[in-house]
Amino acid sequence: MKAKHIVPVLTAALMLTACGSGSSNAGAGEEGETYNWDFTVTVSDTSSWYLGAERFAEILNEESDGRITVNVYANEQLSGGDAAAGVEQLMNGDKAFSYNSTIIYSGIDPRYGAINAPFLYKDYEEADAAIEAGALDAYKELANEQGVELLGFGESGFRQITNNSKEIVAPEDLKALKFRVPGSSMFLDIYSAMDADPITMNFSEVFTSLQNGTIDGQENPYDVIASNGLMEVQEYLTVWNYIYDPLMLGMNKDMYEELSDSDKELVQKAAAEANELQKKTNRERGEEQLAEMKSTMTVTELNEEQVSVFRDSMGPIYDKYESVWTADLAEAVKPK
């Protein structure tokens with residue numbers, strides 16, 4: 001896989017200075033304001049994330065008659081490939097929008113990890129029901145605390161596991177294998193509990209690290225695996241749906257609050273359509289991508305009995321993190 005071009009730090013800094021409040025033809029929040037905003041996603045420009053972000057940009061540009069421009073960047077180009085730094089840029093107002101996983105947010109505040117609890121949801125229907133019943137509202141409140149206006153959830157999907165050593169069908173199969181995991185203490189604890197050797201690194205480094213054997217495996221949803229070519233450097237895939245991974249379409253809260261009421265409505269409308277397209281595409285592609293991976297990898301789909309063995313081993317994780325997530329968030333994300 002060819003590495004994506006990364007914007008040099010100086011160039012990125014210069015660009016960021018222009019993407020805050022934008023130029024205007026009127027006072028802040030008034031009709032006629034013009035905006036030139038930046039939107040970043042963590043993964044490549046062939047992903048459903050990028051597709052959703054592009055649709056968001058198209059709607060805003062079309063319905064504002066060109067008054068609002070959104071520049072979409074793949075691979076965390078504005079933060080040197082560092083997704084956590086990308087979230088901090090959003091919170092600080094150095095950019096306007098991002099699609100980032102709640103897992104990345106949990107590296108900044110562990111409460112965000114509640115919805116990523118292991119084996120919390122069996123399928124998309126359970127996840128959708130919990131989000132609609134109160135999880136989204138709970139996350140909107142949480143995001144507001146850190147200067148982010150949550151414009152709804154997209155999704156990365158259910159996370160699967162790949163490696164170059166063996167089929168994984170039971171917890172003991174992970175023993176001593178080096179897996180790249182996100183920069184979250186919960187993920188480190190999950191893999192350590194199964195005697196694996198978890199390692200954190202920027203996602204931009206994963207392909208090369210798998211290729212040269214620095215790590216044995218990684219875990220991600222189908223679209224991330226496929227759109228970044230990870231099946232080219234991985235031999236085994238285990239389908240276990242162990243963590244549901246929603247994407248937060250976040251806007252810097254100060255920028256959002258400065259908008260006129262009509263522009264707020266437009267941003268909300270564009271976000272709703274973008275999230276719907278992104279999730280629909282992610283789920284449709286998932287089936288196609290799994291079929292493609294079956295043609296090049298050894299794919300093992302765990303049955304409910306096998307999954308239950310993994311689920312039962314996660315008791316210590318819940319014991320440790322339920323108090324970290326807080327009772328309110330833990331309750332909000334429970335299957336309904």
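Colleague: Let's start with charge. How many positive and negative side chains does the protein chain have?

Modeller: There are 25 positive and 58 negative side chains in the protein chain. The centres of the two sets lie 2 Å apart. Keep in mind that this is a predicted model.

Colleague: And the fold? How many helices and strands are there?
Modeller: The protein chain has 13 helices and nine strands. Its radius of gyration is 20 Å, close to the 20 Å that the globule rule gives for 336 residues, so the chain is as compact as a globular protein of that length.

Colleague: What does the C-alpha trace span along its principal axes?
Modeller: About 65 × 45 × 30 Å.

Colleague: Which percentage of the residues is buried?
Modeller: Buried residues are 56% of the 336 in the protein chain. The chain exposes about 13800 Å², and carbon and sulfur atoms supply 47% of that area.

Colleague: What about contacts with a separation of 6 or more? What share comes from residues 24 or more positions apart?
Modeller: That share is 73% in the protein chain.

Colleague: Let's zoom in. Where does Thr102 lie, and is it buried or exposed?
Modeller: Thr102 lies in helix H4, residues 102-106. Thr102 is buried, because its relative accessible area is 0% and the cut-off for buried is under 20%.

Colleague: What is Thr102 in contact with, leaving aside neighbours within four places in sequence?
Modeller: Tyr112, Ile115, Asn116, Tyr139, Phe153, Asp245, Pro246 and Met248.

Colleague: Switching to helix H3. Which of its residues are buried?
Modeller: H3 covers residues 83-92, and its buried residues are Ala83, Gly86, Val87, Gln89, Leu90 and Met91.

Colleague: Why would residues three or four places apart point the same way in an α-helix?
Modeller: An α-helix has 3.6 residues a turn, so residues at that spacing point the same way.

Colleague: What happens at the start of H3?
Modeller: A side-chain oxygen of Asp82 reaches to within 3.1 Å of the backbone nitrogen of Ala84.

Colleague: And what follows H3?
Modeller: Gly93 does, with a positive phi near 85°.

Colleague: Which residues other than glycine have a positive phi? Take Asn241 and Thr326.
Modeller: Asn241 has a positive phi near 45°. Thr326 has a positive phi too, near 85°. Most residues other than glycine have a negative phi.

Colleague: Where are those two residues, Asn241 and Thr326?
Modeller: Asn241 is in strand S8, residues 236-252. Thr326 is in the loop between H12 and helix H13, and H13 covers 327-332. Asn241 counts as partly exposed at 25% relative accessibility. Thr326 also counts as partly exposed, at 28%.

Colleague: Staying with H12, what about Lys320?
Modeller: Lys320 lies in helix H12, residues 315-325. At 46% relative accessibility, Lys320 counts as partly exposed.

Colleague: What does the side chain of Lys320 make a polar contact with?
Modeller: The side chain of Asp189, at 2.7 Å.

Colleague: And how many Å separate the C-alpha atoms of Lys320 and Tyr256?
Modeller: They are separated by 36 Å, and the two residues are 64 residues apart along the chain.

Colleague: Last one. Where is Ser262 found?
Modeller: Ser262 is in helix H10, residues 261-294. Ser262 counts as partly exposed, with 32% relative accessibility. The C-alpha atoms of Ser262 and Ile199 are separated by 46 Å, and these residues are 63 residues apart along the chain.

Note on methods:
Residues numbered from 1 in each chain as written. Predicted model: local features only at pLDDT ≥ 70, side-chain atom pairs only at ≥ 80, totals over all residues. Heavy atoms only, no water. Helix = DSSP H or I, 4+ residues; strand = E, 2+ residues; numbered from the N terminus. Rg over C-alpha atoms; globule rule 2.2 N^0.38 Å. Buried < 20%, exposed > 50% of the residue type's maximum accessible area, 1.4 Å probe, protein only. Contact = heavy atoms within 4.5 Å. Areas by Shrake-Rupley, 256 points an atom, 1.4 Å probe, with all protein chains shown as cover. Lys, Arg positive; Asp, Glu negative; His and termini not counted. Charge placed at Lys NZ, Arg CZ, Asp CG, Glu CD. Polar contact = N/O pair within 3.5 Å; in protein donor to acceptor, adjacent residues only side chain to side chain.
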